[in-house]
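The points below are meant for a colleague who is new to this structure.

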Amino acid sequence: MSLATAPPTAEPAAAAPPASRRALAQMLVGNQVQQAIHVAARLGIADLLGDGPRSSGELAAAAGAHPGALYRLLRVLASFGVFAEDGERRFALTPLAELLRRDAPESMRALALWSGGVSYQTFGGLEHSVRTGAPAFEEIFGTGFFDYLAHDQEAGARFDDLMTWNTAPVAGVLARYDLAGVGTIVDVGGGRGVMLAAILSAHPAMRGVLVDHPRVLAGARSVLEAAGVADRCETVGADISRWVPPGGDAYLLKSIVHGLDDGEAARLLTLCRQAVRPGGRLLLVELVMQPGNDPGPAKLMDLLMLVGCHGRERSEEEYRELLAAAGFGFSGIAHTRYGYSVIEGRAA
């Protein structure tokens with residue numbers, strides 16, 4: 001057969017642009033960088049460098065690590081701007097590394113410890129959750145998320161630290177929120193009370209009730225006392241899925257509803273509706289799912305809910321429906337620069 005009569009051949013597929021390959025490669029190795037940061041945080045390397053640069057050998061001796069292995073870890077992190085290495089294998093803090101110090105004003109150590117620990121293990125079961133719709137956490141750990149935290153003291157403390165870190169920036173927003181007419185506010189599942197302490201500090205005539213699992217409340221008293229509001233705040237240990245304290249003018253729930261399926265969420269909000277005074281308010285502080293292809297914190301958090309529990313992130317319309325199912329009218333939604341929104345309902 002001559003070349004003139006040869007059958008046509010398929011055109012070769014166009015190569016992906018170099019920038020696309022680099023972008024995807026960075027995503028695929030992200031877990032390696034995450035783990036490196038997590039280990040450095042667990043070893044307290046940033047704290048050990050608080051007084052100035054130190055050699056990898058000195059750091060290894062202080063942290064209880066293998067000198068050669070620690071050097072290899074820090075060399076990688078230095079290439080990402082977390083720590084800086086000089087020509088003598090000495091390492092120093094960088095702006096990124098400063099955020100891993102315990103006492104840094106905006107420390108992200110709690111996030112590094114949690115995201116690289118239990119959260120990392122759980123995300124390893126993402127395929128299980130996508131195939132079954134069931135939480136990978138229960139498959140991996142053999143129990144529900146909050147039952148696990150109740151029995152593993154280290155994990156429970158790490159999670160409480162994370163929630164405190166996560167709540168602190170938003171607490172200032174709620175402290176400035178219009179709470180006219182609220183004499184008593186009930187923080188449902190409020191953890192150590194960071195948000196409630198900020199609200200009470202901004203409203204000297206207001207009283208508060210903090211309700212959560214007794215395990216969590218153990219760390220609340222010091223937070224309330226440090227804010228000077230302990231004399232105006234009652235702490236109540238309870239299972240909020242079964243009961244919430246009655247008589248509040250407003251019920252506040254931050255990052256609670258997103259961890260529940262629709263039925264559980266409606267039951268909890270119904271408990272709040274039954275407990276709130278006539279005409280009272282409901283304040284949900286949650287990430288709100290936005291449409292379109294733009295990235296957003298709610299989309300990644302939704303995957304975390306998929307693998308970790310039975311909850312999910314919701315759109316504004318879905319929150320409207322949820323409030324209506326519990327007997328609350330939708331009053332409005334206020335977005336904040338921290339990604340969270342305040343969804344407000346009124347007792348119908």
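Axes are lines fitted to C-alpha atoms, for helices over the stretch in contact, and angles run from 0 to 180 degrees between N-to-C directions. Contact means heavy atoms within 4.5 Å. Helices (H or I, at least four residues) and strands (E, at least two) are DSSP runs, numbered from the N terminus.

1. Basis. This is a predicted model, in which local features need pLDDT of at least 70 and side-chain atom pairs count only at pLDDT 80 or more, while totals for chains, interfaces and linings use all residues. Residues are numbered from 1 along each chain as its sequence is written, and side-chain values use heavy atoms, with hydrogens and water left out.

2. Overall. The protein has 18 helices and ten strands. Its C-alpha atoms fill a box of roughly 85 × 70 × 40 Å along the principal axes. Of its 348 residues, 43% count as buried (under 20% relative accessible area; exposed is over 50% and partly exposed in between, with a 1.4 Å probe and protein chains only). Among contacts with a separation of 6 or more, 63% are between residues 24 or more positions apart.

3. Seven strands form an open sheet in the order 6-5-4-7-8-10-9, and the pairing is mixed. Strand 6 (233–237) and strand 9 (328–335) are the edge strands, each pairing on one side only. Averaged over this sheet, neighbouring strands are turned by 20° against each other, direction ignored. Two strands count as paired if DSSP finds at least two bridges between them.

4. Pairing within that sheet. Strand 4 (residues 184–188) and strand 7 (residues 250–254) run parallel and are joined by three bridges; I185 has A250 of strand 7 as its bridge partner. Strand 9 and strand 10 run antiparallel, with seven bridges between them, and H335 stands opposite S341 in strand 10. The hairpin of strand 9 and strand 10 has four residues between the strands, and G339 there takes a positive phi near 95°.

5. Helices against the sheet. Helix 12 (residues 153–175) lies across strand 7, strand 8 (281–287) and strand 10, at about 150° to strand 7. Helix 13 (residues 194–202) has V194, M195, L196, A197, I199 and L200 as its buried residues. Their cover includes helix 12, strand 4, strand 5 (207–212), helix 15 (220–226), strand 6 and strand 7.

6. Two bridges join strand 2 to strand 3 (residues 90–92), and the partner of E85 in strand 3 is F91.

7. Most residues other than glycine have a negative phi. F83 lies in the loop between helix 5 (67–79) and strand 2 (84–85), and F83 is buried, with a relative accessible area of 1%. S255, also not a glycine, has a positive phi of about 55°. S255 is in the loop between strand 7 and helix 16 (262–275) and is buried, at a relative accessible area of 15%.

8. H258. Where is H258 placed? H258 is in the loop between strand 7 and helix 16. With 10% relative accessibility, H258 counts as buried. Leaving out residues up to four places away in sequence, H258 touches E286, M301, M305, G311, R312, E313, R314 and Y319.

9. The second largest pocket. A pocket is found on a 1 Å grid over the protein atoms alone, as an open set of points with protein on both sides within 12 Å along at least five of seven lines; a cavity is a set of points where a 1.4 Å probe fits but cannot get out, and lining residues have an atom within 4 Å of a point. Grid points are joined across faces, edges and corners, and a volume is the space filled by probe spheres set on the points. The second largest pocket holds about 170 Å³ of space. It is lined by 16 residues, of which V288, Q290, G296, P297 and A298 are the closest to its centre. Helix 17 (297–308) and strand 10 (340–347) each supply at least two lining residues, and the largest share, three residues, comes from helix 17.
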